[in-house]
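Please read the following briefing alongside the sequence and the model.

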Amino acid sequence: MDVHAIVTRLRDLSKDPQNRSAIAKDEASLSGLVLCLGNDDPDIILTSLEALKYLTIYTPNRPFMKNHMGMIPSLQTLSSHENAEIVRAAEEIHNTLVPARAAKQAKNTASPVVKGVPSATGR
């Protein structure tokens, strides 16, 4: 089976709500979809993004999808892709997995500012 056939099959399976939990929890399936986000073929990328979008619909999938190795960096990389449809889909999935409020809180807690204590840059 070629890559396009595999991601198409995963996308088709992920359309069924009863399959979403099993696919997202399957290390090989989720890793394969994430790996395909780096493919050169825009059709493979878009099909992988479609599958991931279906998987994010099931809310309990989101925490382990967000923490899956390579997921967030791959989505962030695609946000500067030349294909606008890929950019839109990647950003939508990213925003579902890492809501803006959570991303802002993480940024704020990553380097707390304390009055009277110099920052890491010494300013």
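In this predicted model, the residues P42, I45, L46, L49, L52, K53 and T56 of helix α4 meet E85, I86, A89, A90, E92, I93, T96 and L97 of helix α7, where contact means heavy atoms within 4.5 Å. The residues of this contact of α4 with α7 divide into 10 nonpolar, two polar and three charged, with Ala, Val, Leu, Ile, Met, Phe, Trp, Tyr, Cys and Pro counted as nonpolar, Asp, Glu, Lys and Arg as charged, and the others, Gly among them, as polar. Residues are numbered from 1 along each chain as its sequence is written, and side-chain values use heavy atoms, with hydrogens and water left out. Because the model is predicted, local features need pLDDT of at least 70 and side-chain atom pairs count only at pLDDT 80 or more, while totals for chains, interfaces and linings use all residues.

**Geometry of α4 and α7**

- Two packed helices are described by the angle between their axes and the distance between the axes.
- Helix α4 (residues 42-57) and helix α7 (residues 84-97) pack at an angle of about 25°, with their axes 10 Å apart; the axes are lines fitted to C-alpha atoms, for helices over the stretch in contact, and angles run from 0 to 180 degrees between N-to-C directions.
- That angle makes α4 roughly parallel to α7, given that angles under 35 degrees count as roughly parallel, over 145 as roughly antiparallel, 65 to 115 as roughly perpendicular and the rest as oblique.
- The crossing in which α4 passes α7 is left-handed, a term used if the near helix is turned anticlockwise from the far one by less than a right angle, with right-handed used if clockwise.

- T56, which has its place in helix α4, is buried with a relative accessible area of 4%, where buried means under 20% relative accessible area, exposed over 50% and partly exposed in between (1.4 Å probe, protein chains only).
- A polar atom of the T56 side chain lies 2.8 Å from the backbone oxygen of K53.
- Not counting residues up to four places away in sequence, T56 touches R62, M65, I93, T96 and L97.
- H94 has its place in helix α7 and counts as buried at 16% relative accessibility; not counting residues up to four places away in sequence, H94 touches I72, L75 and Q76.

- On the α1 side the contact is made by V3, V7 and L10, and on the α3 side by S29, L33 and C36, which divide into five nonpolar, one polar and no charged residues.

- L10 lies in helix α1 (residues 3-14) and is buried, with a relative accessible area of 12%.
- Leaving aside neighbours within four places in sequence, L10 is in contact with I23, S29, L33 and A51, while the C-alpha atoms of L10 and T47, 37 residues apart along the chain, are separated by 8.9 Å.
- H68 is found in the loop between α5 (62-66) and α6 (71-78) and is buried, with a relative accessible area of 11%.
- H68 and S31 are 37 residues apart in sequence and 8.0 Å apart in space, C-alpha to C-alpha, and H68 is in contact with E27, L30, S31 and V34, leaving aside neighbours within four places in sequence.

**The chain as a whole**

- The protein chain has eight helices and zero strands, where helices (H or I, at least four residues) and strands (E, at least two) are DSSP runs numbered from the N terminus.
- Of the 123 residues in the protein chain, 33% are buried.
- Among contacts in the protein chain between residues at least 6 apart in sequence, 63% join residues at least 24 apart.

Key:
Polar contact = N/O pair within 3.5 Å; in protein donor to acceptor, adjacent residues only side chain to side chain.
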